[in-house]
Amino acid sequence: LLLFLQIVVLLIFGIIINRLYGHVVMRMGRKRKWTERTIQLVHAVGKYPFIFLVAMVILSVVGISTSSLALVAGALSVGIGFGMQTIVNNLVSGIILLFDKSIRPGDFISLGEYSQTGGHRGNVVQMNIRATVLRTNDNINIIIPNADLMASQVVNWTYSDEKIRFRIPFSVAYG
């Protein structure tokens with residue numbers, strides 16, 4: 001009964017501290033005029049590690065050794081590592097592109113072999129660390145992962161000059 005009471009007290013304490021943290025982040029975010037997304041991000045960054053910490057304390061109180069979970073955590077981290085390989089690739093590619101400045105917002109680029117069925121062509125609207133937004137001539141925004149920009153051939157039409165010339169093949173009937 002005492003063990004059950006300790007677990008309940010720890011859970012209630014964890015919930016109260018977690019909600020208090022949420023209120024502090026909300027107040028601080030509104031005072032500093034953060035966006036709603038930023039407030040949620042800061043709240044999540046503090047909330048989930050705290051939940052993990054409370055869970056570890058409860059497991060310790062119950063008598064389950066947290067060192068016995070090391071094997072499970074190791075296997076889980078290997079799986080997460082394989083799953084995040086693409087994300088890390090996009091992040092590193094984004095950092096390289098931001099510092100390289102071979103592609104900048106406002107540039108007109110084409111990716112891959114441009115044809116009616118494959119490749120993309122348009123203005124770079126926004127460059128983020130994870131992906132680049134390309135707006136086509138049809139006013140369609142395409143979100144391209146930065147790893148794809150690094151791996152494929154990119155033609156920057158406005159790299160050295162703002163003027164662009166298109167060759168549009170057409171024919172006229174002889175009659």
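Pro-49 sits in helix α2, which covers residues 36-62; helices here are DSSP runs of H or I with at least four residues, strands are runs of E with at least two, and both are numbered from the N terminus. The model is a predicted one, so local features need pLDDT of at least 70 and side-chain atom pairs count only at pLDDT 80 or more, while totals for chains, interfaces and linings use all residues. Residues are numbered from 1 along each chain as its sequence is written, and side-chain values use heavy atoms, with hydrogens and water left out. With a relative accessible area of 47%, Pro-49 is partly exposed, given that buried means under 20%, exposed means over 50% and partly exposed lies in between (1.4 Å probe, protein chains only). Its C-alpha atom is 31 Å from that of Ile-143, 94 residues apart along the chain.

Val-78, in helix α3 (residues 70-83), is also partly exposed, at 48% relative accessible area. From Val-78 to Phe-166 there are 88 residues along the chain, and their C-alpha atoms are separated by 49 Å.

Helix α1 takes up residues 2-31, 30 residues in all, and spans 43 Å from first C-alpha to last, close to the expected 44 Å (1.5 Å times one less than the number of residues). Its buried residues are Ile-7, Gly-14, Asn-18, Gly-22, Val-25 and Gly-29, and they pack against α2, with contact taken as heavy atoms within 4.5 Å. After α1 comes Lys-33, with a positive phi near 60°.

Next comes the sheet. It is open, with 5 strands in the order β4-β3-β2-β1-β5 and antiparallel pairing; two strands pair if DSSP finds at least two bridges between them. At the edges are β4 and β5 (154-156), each of which pairs on one side only. On average, neighbouring strands are turned by 40° against each other, direction ignored; the axes are lines fitted to C-alpha atoms, for helices over the stretch in contact, and angles run from 0 to 180 degrees between N-to-C directions.

Going through the pairs, β2 and β3 (residues 131-136) run antiparallel over 5 bridges, and Asn-123 has Arg-135 of β3 as its bridge partner. Another 4 bridges link β1 and β2 in the antiparallel sense, with Phe-108 opposite Asn-123. β1 also joins β5 through 3 bridges, again antiparallel, and here Ile-109 faces Asn-156. Both faces of β1 are covered, with Phe-108 and Ser-110 buried on one side and Ile-109 and Leu-111 on the other.

Asn-156 belongs to β5 and counts as buried, at 17% relative accessibility. Its side chain reaches the backbone nitrogen of Thr-158 at 3.2 Å and that of Tyr-159 at 3.3 Å. Leaving aside neighbours within four places in sequence, Asn-156 is in contact with Ser-102, Ile-103, Asp-107, Phe-108 and Ile-109.

Finally, the largest nonpolar core has 10 residues: Leu-97, Ile-103, Ile-109, Leu-111, Val-124, Met-127, Leu-134, Ile-142, Ile-144 and Leu-149. Such a core is a set of buried Ala, Val, Leu, Ile, Met, Phe, Trp, Tyr and Cys residues joined through side-chain atoms within 4.5 Å. At least two of its residues come from each of β1 (108-111), β2 (120-127) and β4 (141-145). Not counting residues up to four places away in sequence, Ile-144 touches Leu-111, Ala-131, Thr-132, Leu-134 and Leu-149.

Terms used. Polar contact = N/O pair within 3.5 Å; in protein donor to acceptor, adjacent residues only side chain to side chain.
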